[in-house]
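Biologist: I am new to this structure and would be grateful for a guided introduction. May I put some questions to you once it is displayed?

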Amino acid sequence: MAQDYFRALRDVALVINSSLEPREVLHKITEETAKTMACKASTIRLLDRTGHFLLPSAAWGLSATYMRKGPVEVKRSGMDSEVLAGNIIHLRDAAADGRFQYPESAKAEGLVSVLSAPLMANGAAIGLMRVYSSEERDFSAEEESFMQAVAAVSAVAIENARLHDELRNNYDLLTKHAYQVFED
């Protein structure tokens, strides 16, 4: 089983290195993670600029209806607050756990157990990654370690993509300014 996790982690790293297109990379990460962990679905949500909401950034295995269930507000989700504090959180039955913000939606989607890990960059949470199981289950320590490793690698990929975009924008501004100087 551990070999499967190492292989999957290698595959995630290869996906990250294969593209600078964040949406494509994050989608492949969620798909690979859910499949490796034999889960129904997976999501990656990133904090908005205010730090109050978690925005959907990638999902695999979830319906459009579930993804449109409503805003994920950090202060209204005890589980997400705990994850963003740097903890990996396991809910055996999300619909029955008061820390889950949308229990009715989870039940309607057929989501039962949930495992969430923080996406940490430079010592701060930038979002979270989650897998959903369609039956009640306990996640093993090995699965938790795998999830933490994927989340760590994903956070680096997200930060690298952000830095790449920033550098590209700065370059575009610089070349535009230089072109205007030569025109004048």
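Biologist: Of the contacts in the chain with a separation of 6 or more, what percentage is accounted for by residues 24 or more positions apart?

Modeller: Please bear in mind that this is a predicted model. A contact here means heavy atoms within 4.5 Å. Among contacts with a separation of 6 or more, the share that joins residues 24 or more positions apart is 59%.

Biologist: Which pattern do the helices and strands follow along the sequence?

Modeller: The chain contains 6 helices and 6 strands. Read along the sequence, they give the pattern α-α-β-β-α-β-α-β-α-β-β-α.

Biologist: What percentage of the residues counts as buried?

Modeller: A residue is called buried when its relative accessible area is under 20%. The chain has 184 residues, and the part of them that counts as buried is 43%.

Biologist: Which elements give two or more residues to the lining of the largest cavity?

Modeller: The structure holds 1 cavity of 30 Å³ or more, and the largest cavity has a volume of about 70 Å³. Its lining includes Met79, Asp80, Arg130 and Tyr132. The elements that give two or more residues to this lining are α4 (78–84) and β6 (124–133).

Biologist: How many charged residues are in that lining?

Modeller: By class, the lining of the largest cavity has 6 nonpolar and 2 polar residues. Among the residues of the lining are Arg45 and Lys69. The number of charged residues in the lining is 4.

Key: Residues numbered from 1 in each chain as written. Predicted model: local features only at pLDDT ≥ 70, side-chain atom pairs only at ≥ 80, totals over all residues. Heavy atoms only, no water. 1 Å grid on protein atoms, 1.4 Å probe; cavity = no way out; pocket = protein on both sides within 12 Å on 5 of 7 lines; lining within 4 Å. Points joined across faces, edges and corners; volume = space filled by probe spheres on them. Helix = DSSP H or I, 4+ residues; strand = E, 2+ residues; numbered from the N terminus. Nonpolar A, V, L, I, M, F, W, Y, C, P; charged D, E, K, R; others polar. Buried < 20%, exposed > 50% of the residue type's maximum accessible area, 1.4 Å probe, protein only.
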